[in-house]
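This report concerns the arrangement of side chains in one protein model. Please read it with the structure in view.

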Amino acid sequence: IVVMTFQKSLCYGRKAGMACASGAIASDTVFAAMALFAYSLISNLLLEYSKHIEIVGGLVIVILGMAMWLKRHKQLSEAQGFSNILYDTGKSMLMGFSNPGSFFWVLAAFAASGFEAGSLTALESAIIVLSVALGSFIYWYAFTWFVAKGRDRLQEDTILKISKISAVAVILFGIFF
């Protein structure tokens, strides 16, 4: 998701990058809610089917990387500010949900904090989930802002090369995953 968001921010600007990042924010938030509200059921289910989820998730990431590679980029002057927001959001959300490692990371972070999911009130749980969403938003907002700022300093052919390298990185990550 980082590579895809980087590519969108670099090629199309911060708004397109944030559209892509919003899928990651959504998946982080859902994983936080799942970890708090359905902790034992979901963790057992994910553990039982983790190999299947990893294979499907890896294939999804490879397919999305191939789509990034095959996408014909417009000239930067034409592309500036244009990106399909719903498509980019859905694509990054799909990538986020196809990575069960993210869910386990959230579970580990909650376990390390020392509280038990069942001992929290509804308000405390909601505050934790909203805090995860806000933290994720702040991270992605800063990330896309810095990348979009740097795009003005790069030449168009450099941006297109970075875009192709990004696609290869996503494909390799999917194969590794």
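Predicted model: local features only at pLDDT ≥ 70, side-chain atom pairs only at ≥ 80, totals over all residues.

Y139, W140 and F143 are linked into a cluster by ring pairs. In total, the structure contains six aromatic pairs. One of them joins W140 and F143 in an edge-to-face arrangement, with 5.6 Å from centre to centre and 80° between the planes. The pair counts as edge-to-face because the angle of 80° lies over the cut-off of 60 degrees. W140 and F143 both belong to helix 8, which covers residues 122-151, and they are three residues apart, so about one helical turn separates them.

| Residue | Relative accessible area | Class |
|---|---|---|
| W140 | 5% | buried |
| F143 | 18% | buried |
| T89 | 16% | buried |
| L70 | 65% | exposed |

F143 counts as buried because its relative accessible area of 18% is under the cut-off of 20%. F143 also takes part in a second, separate nonpolar core of eight residues, which includes L10, A24 and V147 as well.

Which residues form the largest nonpolar core? This core has nine residues, namely F31, A32, A35, L36, F103, V106, L120, I128 and V129. Helix 2 (14-37), helix 7 (100-113) and helix 8 each contribute at least two residues to this core. Helix 2 provides the largest share, with four residues. In soluble globular proteins, nonpolar side chains tend to be buried together.

Nonpolar residues also occur on the surface of the model. M66, W69, L70, V168, L172 and I175 form a nonpolar patch there, and together they have about 620 Å² of accessible area. Helix 4 (50-70) and helix 9 (156-176) are the elements that give two or more residues to the patch. L70, one of the patch residues, is located in helix 4. L70 counts as exposed because its relative accessible area is 65%, which is over the cut-off of 50%.

T89 lies in helix 6, which spans residues 85-97. With which side chain does the side chain of T89 make a polar contact? The partner is the side chain of S22, at 3.0 Å. T89 itself is buried, at 16% relative accessibility.

Key. Residues numbered from 1 in each chain as written. Heavy atoms only, no water. Phe/Tyr/Trp six-rings, centres within 6.5 Å; stacked < 30°, edge-to-face > 60°. Buried < 20%, exposed > 50% of the residue type's maximum accessible area, 1.4 Å probe, protein only. Core = buried A, V, L, I, M, F, W, Y, C linked by side-chain atoms within 4.5 Å. Patch = residues over 30% accessible without salt bridge, like charges linked within 9 Å, V, L, I, M, F, W, Y side chains within 5 Å. Areas by Shrake-Rupley, 256 points an atom, 1.4 Å probe, with all protein chains shown as cover. Salt bridge = Lys/Arg side-chain N within 4 Å of Asp/Glu carboxyl O. Polar contact = N/O pair within 3.5 Å; in protein donor to acceptor, adjacent residues only side chain to side chain.
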